[in-house]
Structures are given as structure tokens and as C-alpha cells.
Amino acid sequence: NFQVAMQTLLGYSALPVVHKDKPVMSKEKKEFKLPEANRNMHRVYAYLIKQRFISPGVITYFAKQKLLYEDKEHHNVVFVGVDVNGVPRQAHKRSTTTYGNSFRQTIKGSDTRYSFAHFGTNNKLFIFEAPIDMLSYITLFPNQWQDSSYIAMNGVYESAVMTALEEHSNLNE
């Protein structure tokens, strides 16, 4: 399972954190709503190309798929995760600012079983911690990249990887 794999990679196991007298949290599911899109993607393109050195063609591909866009309110880059029917189920925002602390946030109500991804036709799945890591890898290895599958866990959402493996039976490497 995911925990055993991480322990093996790290070379040690960690005991789970136990909180005493933890208050009961409401299990009420928040409504998922994508942030409103900006009318252009100037800041997202500038940030991803000039600061992160992502290929313009890779950015355009994901933008045309409606999996990457610029939000209207703060001009963050929004990475969208969709289900097998193409319905947005998860979104993750990252600031495009090049000074100060960067901002990252998973949108409230997101279903973490889905994440920013591309699913190709071959049996390979590449797993990344963050969407920009994924885009960087594709930029570095562009030959027939669309044949393979890629997914970003947005940190540690292993449920997205498990869902991808369940829903895409061709993935076995």
C-alpha cells in the first residue's frame, strides 16, 4: 500500500500522530466550485514560462483541455482534476507571484480522489508531488509524452493515484 511504499522509500517508518481530546469535526461536505476564470492567461503564461521554464506548448495543451487556467480574482494558476467523464472534481491554486511567499491551496469541496492529470494510451503512469513538477518533467522529456499518463498528488493525495489505477486498467508500470 501507499504507506508501506513511502516507508520503504524513506528508509524508516513513522508512528501515526495521535491527538487526544480531538474535537468532533463536522463531516458536512462543502460544495465544489471552480474559481472564476480570468479572460486571459497572461500572468499564468508569464509565470510558467519565465519563472518555471515550462514549455509554452505544454501549457497550451493543458489550457485547451481546460485543466489549467488563470483565476480572475487573484491571477493564480488553477490546476483542475477531472473524473473519467471529464467533469471537474478537484482544483488546486498556486500563486503566480515571483516575490515573497508562494500561495498554494486546494479548493474547498474538492474530491481528492481526482487530481491534475493526463491519461495516455500506454501502460506507464508517472506520479508527481505537484502539478508544476509534472509540467517540468513533460517539458524535459517531450518525445511522445501524450502516450503516457501523468498525475500530480498535490502533496500527499495518494487517493488520486489509487483512483487513477482503478479507473485506467491499462496502467501497470
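A residue is called buried here when its relative accessible area is under 20%. By that criterion, buried residues account for 36% of the 173 residues in the chain of this predicted model.

**Figure 1. Overall arrangement of the predicted chain.** The model is a prediction and contains five helices and seven strands. Read along the sequence, these elements follow the pattern α-α-α-β-β-β-β-β-β-α-β-α. Among contacts between residues at least 6 apart in sequence, 62% join residues that are at least 24 apart.

**Figure 2. The open four-stranded sheet.** Four strands are arranged in the order β1-β2-β3-β4, and their pairing is antiparallel. The edge positions belong to β1 (68-70) and β4 (104-106), each of which pairs on one side only. Neighbouring strands of this sheet are turned against each other by 25 degrees on average, direction ignored. Strand β3 (residues 88-94) is joined to β4 over three bridges in the antiparallel sense. Within this pairing, Thr-106 of β4 is the bridge partner of His-92.

Figure 3. Lys-93 lies in strand β3. Its relative accessibility is 10%, so Lys-93 counts as buried, the limit being under 20%. The C-alpha atom of Lys-93 is separated by 6.2 Å from that of Thr-106, a residue 13 positions away along the chain. With neighbours within four places in sequence left aside, Lys-93 is in contact with Pro-35, Asp-71, Asn-76, Val-77 and Val-78, and also with Phe-103, Arg-104, Gln-105 and Ile-107.

**Figure 4. Surroundings of His-118.** His-118 is located in strand β5 (residues 117-118). With a relative accessible area of 8%, His-118 is buried. Two polar partners are shown. The side chain of His-118 makes a polar contact of 3.2 Å with the side chain of Tyr-61. A polar atom of the His-118 side chain also lies 2.9 Å from the backbone oxygen of Gln-146. Beyond its neighbours within four places in sequence, the residues in contact with His-118 include Tyr-61, Phe-62, Met-134, Trp-145 and Gln-146, together with Ser-148, Ser-149 and Tyr-150.

**Figure 5. The stacked pair of Phe-62 and Trp-145.** The ring centres of Phe-62 and Trp-145 are 5.7 Å apart and the ring planes stand at 25 degrees; the pair is therefore stacked, since planes under 30 degrees apart fall in that class. Phe-62 belongs to helix α3 (residues 56-64), whereas Trp-145 sits in the loop between α4 (131-140) and β7 (149-152), so that the pair links parts of the chain 83 residues apart. Phe-62 is buried, at 0% relative accessibility. Trp-145 is likewise buried, with a relative accessible area of 9%.

Figure 6. Phe-128 and Tyr-137 form a tilted aromatic pair, with 5.4 Å from centre to centre and 50 degrees between the planes. Phe-128 is buried, with a relative accessible area of 12%, whereas Tyr-137 is partly exposed, at 25%. Twelve aromatic pairs are counted in the model. Ring pairs link Tyr-61, Phe-62, Phe-79, Phe-116, Phe-126, Phe-128, Tyr-137, Phe-141, Trp-145 and Tyr-150 into a cluster.

Figure 7. In soluble globular proteins, nonpolar side chains tend to be buried together. The largest nonpolar core of this model has 28 residues, and those with the most contacts inside it are Leu-48, Phe-62, Leu-68, Met-134 and Leu-135. Two or more residues of this core come from each of α2 (42-51), α3, β1, β2 (77-82), α4 and β7. Helix α3 gives the most, with five residues. A second, separate core has eight residues, among them Leu-125, Ile-151, Ala-164 and Leu-171.

**Figure 8. Contacts of Met-134.** Met-134 is one of the residues with the most contacts inside the largest core. When neighbours within four places in sequence are left aside, Met-134 is in contact with Phe-62, Phe-116, Ala-117 and His-118, as well as with Phe-128, Tyr-150, Ile-151 and Ala-152. Among these partners, Phe-62, Phe-116, Phe-128 and Tyr-150 are also members of the aromatic cluster. Ile-151 is included in the second core.

Conventions
Residues numbered from 1 in each chain as written. Predicted model: local features only at pLDDT ≥ 70, side-chain atom pairs only at ≥ 80, totals over all residues. Heavy atoms only, no water. Buried < 20%, exposed > 50% of the residue type's maximum accessible area, 1.4 Å probe, protein only. Polar contact = N/O pair within 3.5 Å; in protein donor to acceptor, adjacent residues only side chain to side chain. Contact = heavy atoms within 4.5 Å. Pairing = 2+ DSSP bridges. Axes fitted to C-alpha atoms, helices over the stretch in contact; angles between N-to-C directions. Phe/Tyr/Trp six-rings, centres within 6.5 Å; stacked < 30°, edge-to-face > 60°. Core = buried A, V, L, I, M, F, W, Y, C linked by side-chain atoms within 4.5 Å.
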